[in-house]
Amino acid sequence: QVQLVESGGGLVQPGGSLRLSCAASGFTFRSYAMSWYRQAPGKERELVAAITSAGGSTNYADSVKGRFTISRDNAKNTVYLQMNSLKPEDTAVYYCNAHWRTPYGLEFDYWGQGTQVTVSS
């Protein structure tokens with residue numbers, strides 16, 4: 001059974017930090033690119049950060065560059081999102097995503113249940 005379980009969300013003051021974790025099970029984690037998305041109330045879900053299967057390449061939304069860092073530990077089947085200098089506009093539900101496109105063109109996509117991040121004084 002595939003599972004992505006996010007943790008680490010919560011309430012933090014502007015300028016503070018949080019570290020999100022996403023523990024994966026039920027699939028070959030090291031084969032999948034991993035991403036963090038977020039969705040604020042009334043807005044579409046947006047890509048925040050992504051990392052390749054081996055962790056050699058990352059990319060970020062312009063709004064979080066220089067503040068957020070995505071990383072992964074393939075030995076622990078876990079992906080992380082370190083969030084620093086948080087702003088009220090970072091408030092959203094954060095989702096973990098696993099994606100794999102096979103050499104034959106099949107695609108596999110898994111999602112976590114989300115974790116709430118609220119940035120407020």
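How many bridges join β3 to β8, and do the two strands run parallel or antiparallel?

1. **The β3–β8 pairing.** This is a predicted model. Six bridges join β3 to β8, and the two strands run antiparallel. Across this pairing, R19 stands opposite Q82 in β8.

2. **The β7–β8 hairpin.** Strand β8 also pairs with β7 (residues 68-73), through six bridges and again antiparallel. Here D73 stands opposite T78 in β8. The two strands form a hairpin with four residues between them. In the turn, N77 has a positive phi of about 55°.

3. **Cover over β8.** Strand β8 spans residues 78-83 and is mostly covered. Five of its six residues are buried.

4. **Charges over rings.** The charged end of R19 sits over the ring of Y80, 4.0 Å from its centre. R45 lies over the face of W111, at 4.7 Å from the ring centre.

5. **Aromatic pairs.** The count comes to seven aromatic pairs. One of them is Y32 with W100: the ring centres are 5.6 Å apart and the planes are at 50°, so the pair is tilted.

6. Y32 is buried, with a relative accessible area of 4%. W100 counts as partly exposed, at 30% relative accessibility.

7. **The aromatic cluster.** Y32 and W100 belong to one aromatic cluster with F27, F29, F108 and Y110.

Note on methods. Residues numbered from 1 in each chain as written. Predicted model: local features only at pLDDT ≥ 70, side-chain atom pairs only at ≥ 80, totals over all residues. Heavy atoms only, no water. Phe/Tyr/Trp six-rings, centres within 6.5 Å; stacked < 30°, edge-to-face > 60°. Buried < 20%, exposed > 50% of the residue type's maximum accessible area, 1.4 Å probe, protein only. Lys NZ or Arg CZ within 6 Å of the ring centre and 35° of its normal. Pairing = 2+ DSSP bridges.
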